[in-house]
Amino acid sequence: MVEFMGTSYLSSSMNGTARWAAPKAISIRVKPSRPATSWMNDRIWAFIQTCWSTEGHDAGRPSAEEALNFIQEELSLL
């Protein structure tokens, strides 16, 4: 793995970044730790963890529409 600006990147065999990959796509099932950035508040972190849910087949994960609504709400707070 190579570190670039605090974000982990996997080899080309993964075709993506570890930070944003689905948990089931990563055999070690270790979730990235909370980044120490000014924009990462408790609400955003909780939503990210919901997106990483591995309980059942996509159980508990937000739909694309729910994710869009969440992002729009966050943007409206800026």
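Let's start with Glu74, which sits in helix H2. In this predicted model, is Glu74 buried or exposed? Its relative accessibility is 13%, so Glu74 counts as buried. Who does Glu74 touch, once its neighbours within four places in sequence are left aside? The contacts are Asn41, Arg43 and Ile44. Take Ile44 from that list: along the chain, Glu74 and Ile44 are 30 residues apart, while in space their C-alpha atoms are 8.3 Å apart.

**Helix H2**

Now for the helix that Glu74 belongs to. H2 is made of 13 residues, and from its first C-alpha to its last it reaches 18 Å. That is close to the 18 Å you'd expect at 1.5 Å a residue. Which residues of H2 are buried? They are Ala67, Phe70 and Glu74. These residues cover an arc of only 60° around the axis, so they end up on the same side of H2. Here's a handy rule to go with that: an α-helix has 3.6 residues a turn, so residues three or four places apart point the same way.

What do the buried residues of H2 pack against? The partner is helix H1, residues 42-51. Ala67 gives you a detail to look up: not counting residues up to four places away in sequence, Ala67 touches Phe47 and Pro62.

**Helix H1**

Over on H1, the buried residues are Ile44, Trp45, Phe47 and Ile48. They cover an arc of only 160° around the axis, which puts them on the same side of H1. And what do they pack against? The buried residues of H1 pack against H2.

**The core**

Next, the nonpolar residues. The largest nonpolar core has eight residues in all: Met40, Ile44, Trp45, Phe47, Ile48, Trp52, Ala67 and Phe70. Which elements give two or more residues to this core? Those are H1 and H2. H1 gives the most, with four residues.

**Rings in pairs**

How many aromatic pairs does a search of the whole structure find? The search finds two. A pair of aromatic rings is described by the distance of the centres and the angle of the planes. Here they are side by side:

| Pair | Type | Centre to centre | Angle between planes |
|---|---|---|---|
| Trp45 and Trp52 | edge-to-face | 5.6 Å | 85° |
| Phe47 and Phe70 | stacked | 4.0 Å | 5° |

Trp45 and Trp52 are both buried. What about the two Phe residues? Phe47 has a relative accessible area of 17%, so Phe47 is buried. Phe70 is buried too, with a relative accessible area of 11%. Since Phe47 lies in helix H1 and Phe70 in helix H2, this pair ties together parts that are 23 residues apart in sequence.

**The whole chain**

Time to zoom out. The protein has two helices and two strands, and from the N terminus on the elements run β-β-α-α. Of its 78 residues, 23% count as buried. If you look at contacts between residues at least 6 apart in sequence, 25% of them join residues at least 24 apart.

The protein averages a pLDDT of 74, and 58% of the residues score at least 70. Where is confidence highest, and where is it lowest? The top goes to helix H2, residues 64-76, at 94.

Methods. Residues numbered from 1 in each chain as written. Predicted model: local features only at pLDDT ≥ 70, side-chain atom pairs only at ≥ 80, totals over all residues. Heavy atoms only, no water. pLDDT = per-residue confidence, 0-100. Expected span 1.5 Å × (residues − 1). Buried < 20%, exposed > 50% of the residue type's maximum accessible area, 1.4 Å probe, protein only. Arc of directions from axis to C-beta. Contact = heavy atoms within 4.5 Å. Core = buried A, V, L, I, M, F, W, Y, C linked by side-chain atoms within 4.5 Å. Phe/Tyr/Trp six-rings, centres within 6.5 Å; stacked < 30°, edge-to-face > 60°.
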